[in-house]
Amino acid sequence: FDTWVMTAIALATPPEQTTATIVRNSELLRLARIVRLTRICRMAKLVRLFPELQILIKAMLAAFRSVFFTLVLLALSHYVVAIAYCVTLSETQVGVASFSSVT
């Protein structure tokens, strides 16, 4: 993530800008990373204090795999139906009017 942010900053800054400004920008990013890390540590403490929250997080992580594959199957079925729809309507008047750019 941070590599992409640094690349975006390098592309966004004009070339005539001094390197000191770019260094200051990267120092701000480091500070933001440290703040984000402290928030994560506070969240870890909170999870340890509430075992119910820990159970909920573990359950969500366990369900994530099933949800992911369900979404993949749903996207695949939409793709197959779209192809069948285009093939079926390819020679009809509706197909020529609506899907002339689809090959």
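Modeller: Let's start with a term: buried means under 20% relative accessible area, exposed means over 50%, and partly exposed is in between (1.4 Å probe, protein chains only). One caution: this is a predicted model, where local features need pLDDT of at least 70, side-chain atom pairs count only at pLDDT 80 or more, and totals for chains, interfaces and linings use all residues. Residues are numbered from 1 along each chain as its sequence is written, and side-chain values use heavy atoms, with hydrogens and water left out.

Colleague: Okay, why is Phe 69 called partly exposed?

Modeller: Its relative accessibility is 43%. That sits between 20% and 50%, so Phe 69 counts as partly exposed. Phe 68 gets the label too, because its value is 44%.

Colleague: What makes Phe 68 and Phe 69 an edge-to-face pair?

Modeller: Rings of Phe, Tyr and Trp (its six-membered ring) pair if their centres lie within 6.5 Å; planes under 30 degrees apart are stacked, over 60 edge-to-face, and the rest tilted. By that rule there is one aromatic pair. The ring centres of Phe 68 and Phe 69 are 5.3 Å apart and the planes meet at 70°, so the pair is edge-to-face.

Colleague: Where do Tyr 79 and Val 87 lie?

Modeller: Tyr 79 is in helix 3 (residues 51–89), and Val 87 lies in helix 3 too. Helices (H or I, at least four residues) and strands (E, at least two) are DSSP runs, numbered from the N terminus. The chain has four helices and zero strands.

Colleague: Which residues make the nonpolar surface patch?

Modeller: Leu 73, Leu 76, Tyr 79, Val 80, Ile 83 and Val 87 make it, covering about 620 Å².

Colleague: What is Phe 99 in contact with, leaving aside its neighbours within four places in sequence?

Modeller: Tyr 85, Leu 89 and Val 94, where contact means heavy atoms within 4.5 Å. Phe 99 lies in the segment after helix 4 (93–98). Its relative accessible area is 26%, so Phe 99 is partly exposed. The C-alpha atoms of Phe 99 and Cys 86 are separated by 7.4 Å, though the two are 13 residues apart along the chain.

Colleague: Which element has the lowest mean pLDDT, and which the highest?

Modeller: Helix 1 (residues 2–12) has the lowest, at 66, and helix 3 the highest, at 91. pLDDT is the predictor's confidence in each residue, from 0 to 100. Over the chain the mean is 78, and 73% of residues reach 70 or more.

Key
Patches are made of residues with over 30% relative accessible area and no salt bridge: like charges are joined within 9 Å, nonpolar side chains (Val, Leu, Ile, Met, Phe, Trp, Tyr) within 5 Å. Accessible areas come from the Shrake-Rupley method with a 1.4 Å probe; for residues, only the protein chains shown count as cover. A salt bridge is a side-chain nitrogen of Lys or Arg within 4 Å of a carboxyl oxygen of Asp or Glu.
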